[in-house]
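These are my notebook entries on a single model. I set down what I looked up, entry by entry.

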Amino acid sequence: MDAITAAATACLAVFTSSTDNAGRELFVTDGTPAGTGLLADLVPGSEGSYPSSLTPYQGQVYFTAYTKEHDGTGIWATDGTRAGTRLVVSPSIFPKNSSFHYNSNRLVKFDGKLLFMIQPFLGKPQLWITDGTSAGSKLVARLSGDFTSDGTDILIANDNYAILRVAEDNDQVSLGSLEAKTYKLRKLFSLHKNPKFWQNKVLHTENPVHFGRRDFAIGLTDENDFGYVSILMTDGTVGGTRLLKNIGGEVRGFAGAEGLPYLTVASDDGWGISVRAVYGSQRWSEPLLVSDEDTTGDSDMLPMRSGTFNGVAYFTVDEWSSNNGLWITDLTAKGTRQKAKFSQSGRSYEFYSSKSDLGFLLIGEGNRGDRLSIFDDLKKKPTLSKDFQISTSYGVAVLGSDIVSGGSRDRLVAIDAATGAQTRLIGTRAPFVNSITAVPGKKGQRCATTG
């Protein structure tokens, strides 16, 4: 099959890579070696267009790329074919010599559109929104800070609000929200020497996650401390923004998922780390899991991912002990039990899970090539659990019955979800592969980006 003119019936994934002749460009795969290749050479020659921010939207994948022909970085869209790859938002509508803000070089789904940040060559960062066309793109806010500021960023968004971190002109840093429809920007919380909560500290934000129907949770850290100073919980309004009331001890980690009415939080009371669930009302569950300090000597247990699959709640744990793995829970200690032990001895680098709309739960471990497990039912054993030389940090796409992921030594591989058979799509001498993103499938197709 021609990789460039792949059949419309095939599931496709695009990814960034580079060659000596084309530079860094956009590539495509259908999960077979013959269907893997360069999609479009947007900047002819070896220089490359450096595509970035690959985002599934409106049945296509949108991305940013620089082209000399259009004298700047614009927004492009692709359906996975060369003919279907085109510029949709021209850089000519932005201030001259603008670039996508280096601290937030991504497209964020918000209010049925894409939210992004532009940095003029001279001037303040600008917040824009687009429906995927130049005519449907508009400036919604001019932000504080300047080109040298590393504080301004789009942290997370849902259908109602986008949460921003903004570096202000007075050297203050704050969290703000952008309201859908009205695009009204409001200040929620000061991160800079807030006298009500802390003094002489500038807090940093980490691990923004969804939880509940419309809430967010954002970790607040101090660069001089280990763990979190606190967790900020917000629904995007001033009245709905509050700090987590700790039950005693330092918060070491937390995880959440959209629709899940609680956060999974690990806290250290000085005697050990325990994992509990905390609801938006700040009601805590009993300890679901307690660190195995007898084994580790120095526990560092962290919940990494949480969610539900077919009505069963789960979370993953990162710890130097037998606790390391996937757990299911009914939010009682008695009903919390381990379903899969991760193979990596010592600290895992990344835990990865997704169900998307695929009908199965995909669990990956580590970013250097480790175990991949597939569950049809979390109350049963996995249908597949096997070690592969893959890396979930490259991105993972499900194309029908194939799971496509990057691997060690810059390989690209396809794994049959039923048998575990592995097919190398790009050889060991391939250039760096990154940002693997599935083109959204048509009705009846299982084509999805997971993570």
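Entry 1. I looked up Phe94 and Trp128 and found both of them buried. This is a predicted model, and I read each value below as computed from it. For Phe94 the relative accessible area is 7%, which places this residue among the buried ones, since the cut-off is under 20%. I then examined the rings of Phe94 and Trp128: the centres are 5.0 Å apart and the planes stand at 85°, so I recorded the pair as edge-to-face. Phe94 sits in the loop between S7 and S8, whereas Trp128 belongs to strand S11, so the pair ties together parts that are 34 residues apart in sequence.

I next turned to Phe116, which is buried with a relative accessible area of 0%. Which ring geometry do Phe94 and Phe116 form? I noted an edge-to-face pair, with 5.9 Å from centre to centre and 75° between the planes. This pair also links distant parts of the chain, Phe116 lying in strand S10, 22 residues apart from Phe94. I found that ring pairs join Phe94, Phe100, Phe116 and Trp128 into a cluster. My count of aromatic pairs came to nine.

**Entry 2. A charge over a ring.** I checked Arg283 and found it over the face of Tyr279, 4.3 Å from the ring centre.

Entry 3. In soluble globular proteins, nonpolar side chains tend to be buried together.

**Entry 4. An open sheet.** I traced an open sheet of four strands in the order S4-S5-S6-S7, with antiparallel pairing. Strand S4 (52-57) and S7 stand at the edges with a single partner strand each, so one side of each has no neighbour in the sheet. Neighbouring strands of this sheet are turned by 40° against each other on average, direction ignored. Inside the sheet, I found seven bridges between the antiparallel strands S5 (residues 60-67) and S6 (residues 72-78). The bridge partner of Ala65 in S6 is Gly74.

Entry 5. S21 pairs with S22 (residues 262-268) in the antiparallel sense over five bridges. I noted Ser267 in S22 as the bridge partner of Val251. Six residues lie between the strands of this hairpin, where Gly259 takes a positive phi near 90°.

**Entry 6. A loop glycine.** Is Gly420 buried or exposed? I found it buried, at 0% relative accessibility. Gly420 is located in the loop between strand S35 (412-416) and strand S36 (422-426). Not counting residues up to four places away in sequence, Gly420 touches Leu384, Lys386, Phe388 and Ile415. I also noted 9.3 Å between the C-alpha atoms of Gly420 and Asp402, which are 18 residues apart along the chain.

Technical notes
Residues numbered from 1 in each chain as written. Predicted model: local features only at pLDDT ≥ 70, side-chain atom pairs only at ≥ 80, totals over all residues. Heavy atoms only, no water. Pairing = 2+ DSSP bridges. Helix = DSSP H or I, 4+ residues; strand = E, 2+ residues; numbered from the N terminus. Phe/Tyr/Trp six-rings, centres within 6.5 Å; stacked < 30°, edge-to-face > 60°. Buried < 20%, exposed > 50% of the residue type's maximum accessible area, 1.4 Å probe, protein only. Lys NZ or Arg CZ within 6 Å of the ring centre and 35° of its normal. Contact = heavy atoms within 4.5 Å. Axes fitted to C-alpha atoms, helices over the stretch in contact; angles between N-to-C directions.
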